[in-house]
Every structure is written in structure tokens, then in C-alpha cells.
Amino acid sequence: MNGGTLVVENRDRVAFYTLGCKVNQQETASLMELFRERGFQVVDYKSPADVYIINTCTVTHTADQKSRQMIRRAISQQPDAVVAVVGCYSQVSPDNILSIPGVDLVVGTRGRAKLVDLAADLLKKKRAGELGKGINAVQTLEKELEFEQLPLPENPQRTRAFLKIEDGCDQYCAYCIIPYARGPVRSLAPDLVKERVSELICDGYREIVLTGVHTSVYGKDLAEDVNLAALLRDLAKMPGDFRIRLSSVEPVDVTEELLEVLASSPRICRHLHIPLQSGDDAVLRKMNRPYNTDEYRGLFCRALKSIPGLAVTTDVMVGFPGETEEQFENAYNFIASLPFRDLHVFKYSPRPGTPAAEMPEQVAPREKDQRSKRLRQLATTHATAFAKAFLGETMQVLVERRSRKRPGWWEGITDNYLRVIFPPDGDQKLRGKLLPVRLTEIVEGDMIAGEM
């Protein structure tokens, strides 16, 4: 014993680095659990480790570069460690990754349940001096794929849990490599979703975020009566003190049935992330997005009417090939006309293997930067206007952590995506609780609650 802490010797260490989306982050947390179950000690990525796992992203060229950078960091930091690379970049470009000297194993977006066995075997061989060239264990993405189940991750904070209920995408937007990296749509069976939600509730989580690559088509590959609305209706009836949040829904998938379910249960957070990508119809057609701005506006207005206080956030891409200044202005004005809670602004990045990468009239980086800056400024304006509408109201906040700006204070998030900072009330164990707070002012962009 050392200061009351048990010292474990001869325990192999594993370190993880994750790039990209919430789905990747959730999958990494599950992989950590797999390694823990086998006796590995999970350590910080900057620390010495016996095995390094890099969970990659390939949604942009920058993501590819960052993935390679983190792979090389692991190799230089601990040359005798096993370096394993998984995820979307691995799936679409395994040969590029294996060409990096020092990479021992490449696994894509399938077969990750075997990662511990593969890494442990390679570690044993490496220590015995028997390891040869790197192994490509990437599996092809056939149409017969089933949903790959990984263990629920362990989170001692017990605040928000991310539960992946769907994988894959069949939409094939012109700019996106993800359908090639993730394969076709496949869903976790409803009974298994409910079983996992029940486990998370019993473990003390108060918010469960349903995630996926194309979450809103949940159930497309299952029985005819299985869809996202039906699943939410069942989950909302489960016992316990918890709430449910959706990660992202595509515009064409937001049905009247889904809006009705969202409006009918206070357990379902008043927050929809509905990707727009562009507010110009000609650009949307080139992107192969299956809606136009009139349809998007109509959905937006129906959603706000059905669910008072709803927060709508969105993704917007600037600099798609051929996007003119006039088309950008159309998009800017369209976005400015709708009361978004927030905008996630992305600059277009060519992905080899996608139709957009071969399109002429690629927009200059400087122009992308200028357009991105204007939209980010608009996002700040939208966020402030949305927050002001709730001043004076009392709302439930999921307490997440101590405030980083105000010592001794706490911070958390409302169901409609407002981040709130509030003072303590004498109880020092607030993390993970759902508490009512009164929103009193906005200071330097922060929503302040003055009363508990």
C-alpha cells in the first residue's frame, strides 16, 4: 500500500487518443472498458504505455493530418509499445496508415471487439522480438453487417451517458466519406436499447444521449414498425429520474410522429440538432442533400410551434465547390432569418473518393476563412438572442462540474441546451443532479442563475 492506494505491479498500460465526433468518443470509452476488463491499466496519452490506441477521424483533410500526427507521437514517445490505429481513417485508408513506420495494427470500424486479443498478442510477440510488419485487420463493409455491440463505458462522474443506437449511413452526400467508412445503416434492437438505458439509469446517469452516424433513420433495417419515434415513446415511459437527448436528426427524417413524441414527454430534451449544410438551394442540390430551403424552413417552424422553448442547432458548411459569393449571401441571409440556438460552422475539405473532390471551382482557402468568420459571428448573435428569451425562468439543470470561471460555483446544462453557471447552496455533492435554477442574467456570454 502507498498512502492508502493499492500499487499494482506488472500491469500492462494502454493509452487512447480520440479524434472526431461523439460516436467516436463513445466508442473509445467502450474500448477502454474492454481493456480494463482484461486487466489493462488505462493511462493518459502523454504517459508511457505498453499499447497506444488512436481512434481516427476522416471527415476532413485536417482530421487525417491530425490522426497521422497522433500516431507518430505515440511511436516516438514509446518505440517499444504496440501502436494500434482504429476508426474511420483506418477503414478508408489502411495502406496509408501501415506505411507509417512503427504502426503495428490497423483496425477499421468493424471487429473492434477483438482489439484486446490482437493487441495483447502483438505485445507478447514484440517483447519476444518476433514482431514483423504491421497487420491490416480492416474488415470490408458488406451489406449483411449487423450492429456491433461494445460494452457500456464506465464513467465515475455519472452525469451524461452517450448510447450509440445506430451505425452507418446510406445518404451519400457529395462531400462526405462517412458512408464509405461506416457502411450501411444498422440499428441496435429496441429491446437491447431499453436494456442498456435501464442499466445506465440504475448506474445513476441523469441524461442519456442517443447517438449514431445517421441516428434519425434508426430502425430502417429492422421490423416495419420500428423507428426513432416509437423507440423514444417507449423509453420515455421507463421509470427513473432521467432525461433523453437526441444527438442529431436529418431534416427529411423529422416526421410529424417524431415531433409529436418530442412534444408529448418532458423527459425528452427540447433540443434538435438538424444539419442544414447550406442555405442556398443550388448548393444543396450539388451537395446531394434531399431537401430545399423552403422545406427546411417549414420543418423549423413546425418544430418551434410543436415544442415551445425548443433549441435548434445546426451544421453549416462554407466553401463547397462552386459556391459563389451570391450563394453564400443567400445562405447567410437564410440562416439569419431563423432563430437558431447555435451554428457549427465547417470549411469544406475535399475527401478523395467523393464526388465533390472532383468538382471544378474549388473555393480559395482565404474566401472560406472569411465566410466562416462571418457565420461564427452570426452564431454568437443567435446564441445571445436565444438565451435572453429565458431570463427570469426557472429551469432544470443537469449539474456537470465546478465552474471554471467562478471558483466555488457550479455549471450545468438545461434540456434546451443553455449552459448555466450558478452558486452553491451548501450541498457540495451536486454533480449529476437535476436541479431547478432561476436564470437571472447574462454575463460575458454566460447564463447566470441567481437562485436555487
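Because the model is predicted, local features need pLDDT of at least 70 and side-chain atom pairs count only at pLDDT 80 or more, while totals for chains, interfaces and linings use all residues. Residues are numbered from 1 along each chain as its sequence is written, and side-chain values use heavy atoms, with hydrogens and water left out.

A cavity is here a set of points, on a 1 Å grid over the protein atoms alone, where a 1.4 Å probe fits but cannot get out; lining residues have an atom within 4 Å of a point. Grid points are joined across faces, edges and corners, and a volume is the space filled by probe spheres set on the points. One cavity of 30 Å³ or more is found in a search of the whole structure, and the largest cavity holds about 70 Å³ of space. Its lining consists of Gln26, Glu27, Ser30, Phe147, Glu148, Gln149, Leu150, Lys164 and Arg196. Helix H1 (residues 22-37) supplies the largest share of this lining, three residues; helices (H or I, at least four residues) and strands (E, at least two) are DSSP runs, numbered from the N terminus.

The nonpolar cores come next. In soluble globular proteins, nonpolar side chains tend to be buried together. A nonpolar core is a set of buried Ala, Val, Leu, Ile, Met, Phe, Trp, Tyr and Cys residues joined through side-chain atoms within 4.5 Å. Buried means under 20% relative accessible area, exposed over 50%, and partly exposed in between (1.4 Å probe, protein chains only). The largest nonpolar core comprises 71 residues, and Leu232 and Phe320 have the most contacts inside it. Helix H8 (residues 228-235) gives the most to this core, with five residues. Beyond its neighbours within four places in sequence, Leu232 is in contact (heavy atoms within 4.5 Å) with Leu210, Ile244, Leu246, Leu258, Val261, Leu262 and Ile268. Another core lies apart from it and has 21 residues, including Ala15, Tyr45, Tyr52 and Ala63.

Aromatic rings form a further set of contacts. Rings of Phe, Tyr and Trp (its six-membered ring) pair if their centres lie within 6.5 Å; planes under 30 degrees apart count as stacked, over 60 as edge-to-face and the rest as tilted. The whole structure has 13 aromatic pairs. Phe300 and Phe340 form an edge-to-face pair, 5.0 Å centre to centre with 85° between the planes. This pair links distant parts of the chain, 40 residues apart: Phe300 is in helix H11 (residues 293-306), and Phe340 is in the loop between helix H12 (325-336) and strand E14 (342-347). Both Phe300 and Phe340 are buried.

Asn288, in the loop between helix H10 (281-287) and H11, has a positive phi of about 65° although it is not a glycine. Asn288 counts as partly exposed because its relative accessibility is 40%. Glu361 is exposed because its relative accessible area is 60%.

Technical notes
1 Å grid on protein atoms, 1.4 Å probe; cavity = no way out; pocket = protein on both sides within 12 Å on 5 of 7 lines; lining within 4 Å.
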